[in-house]
Amino acid sequence: AALKNRAYGDLGEVYKNWETLPSPSEGTEIFMDALVSLIEEKGRSGLLFTIDQLHEVDWLTFELIRSLLLNPALPIRIGLAFSAPLDHSQRLHLPVVSAMEAVEMLPLSKHGVQITLRHMLQWEAPDELIEWLYLQTGGLPGYLQHGVEELVQQGILERYESGWVISRNYH
């Protein structure tokens with residue numbers, strides 16, 4: 001959300017991996033040609049954008065992704081996997097392309113939260129923590145990941161050689 005008002009602000013992750021990629025502000029064609037060249041140099045057949053909270057992406061990045069999805073002349077495949085609240089997903093006006101498939105994922109159940117925590121932390125979380133995280137996140141995976149990161153950052157969940165421990169100072 002902090003980058004929502006910065007032109008192409010949400011492409012930061014792309015530039016961490018491909019510093020030589022020109023900015024789209026230099027021209028969409030220049031950017032697309034360079035992107036295709038880099039992908040082909042790496043021996044890949046396409047590019048998958050994965051975006052959490054697509055409705056918060058800056059407008060220019062969103063339009064760039066739309067133009068990539070709509071460009072039939074590109075010799076590479078472009079994919080987009082995203083999350084957005086249900087009330088926003090209909091207003092995103094994403095293009096419908098021939099190979100497009102929409103999948104709506106429901107929130108995780110309590111058991112799904114338990115399995116996700118087991119995978120994330122390599123630890124069997126206590127039922128109270130599972131219940132609390134389920135209630136706080138609504139079972140939404142992005143919120144669950146953020147919640148666990150916050151618990152670790154705040155020292156509520158602490159890592160020891162024996163595994164994870166919930167801080168005694170936490171009630």
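Me: Which residues have the most contacts inside the largest nonpolar core?

Reply: A nonpolar core is a set of buried Ala, Val, Leu, Ile, Met, Phe, Trp, Tyr and Cys residues joined through side-chain atoms within 4.5 Å; buried means under 20% relative accessible area with a 1.4 Å probe, protein chains only. Here the largest such core has 24 residues, and Leu35, Phe49, Leu68 and Ile78 have the most contacts inside it. Its largest share, seven residues, comes from H2. The model is predicted, so local features need pLDDT of at least 70 and side-chain atom pairs pLDDT 80 or more, whereas totals for chains, interfaces and linings use all residues. Residues are numbered from 1 along each chain as its sequence is written, and side-chain values use heavy atoms, without hydrogens and water.

Me: What does Ile78 touch?

Reply: Contact means heavy atoms within 4.5 Å. Leaving aside residues up to four places away in sequence, Ile78 touches Leu47, Phe49, Leu68 and Leu69.

Me: Which residues of H5 are buried?

Reply: Helices are DSSP runs (H or I, at least four residues) and strands likewise (E, at least two), numbered from the N terminus. In H5, Gly112, Val113, Leu117 and Leu121 are buried. Seen down the axis, these buried residues fall within an arc of 140°, taken from the directions from the helix axis to the C-beta atoms, so they line one face of H5. They pack against helix H6 (127-137), helix H7 (141-153), strand S3 (157-160) and strand S4 (163-166).

Me: What follows H5?

Reply: Gln122 follows H5, with a positive phi near 55°. Just after H2, Gly43 also has a positive phi, of about 75°.

Methods. Buried means under 20% relative accessible area, exposed over 50%, partly exposed in between (1.4 Å probe, protein chains only).
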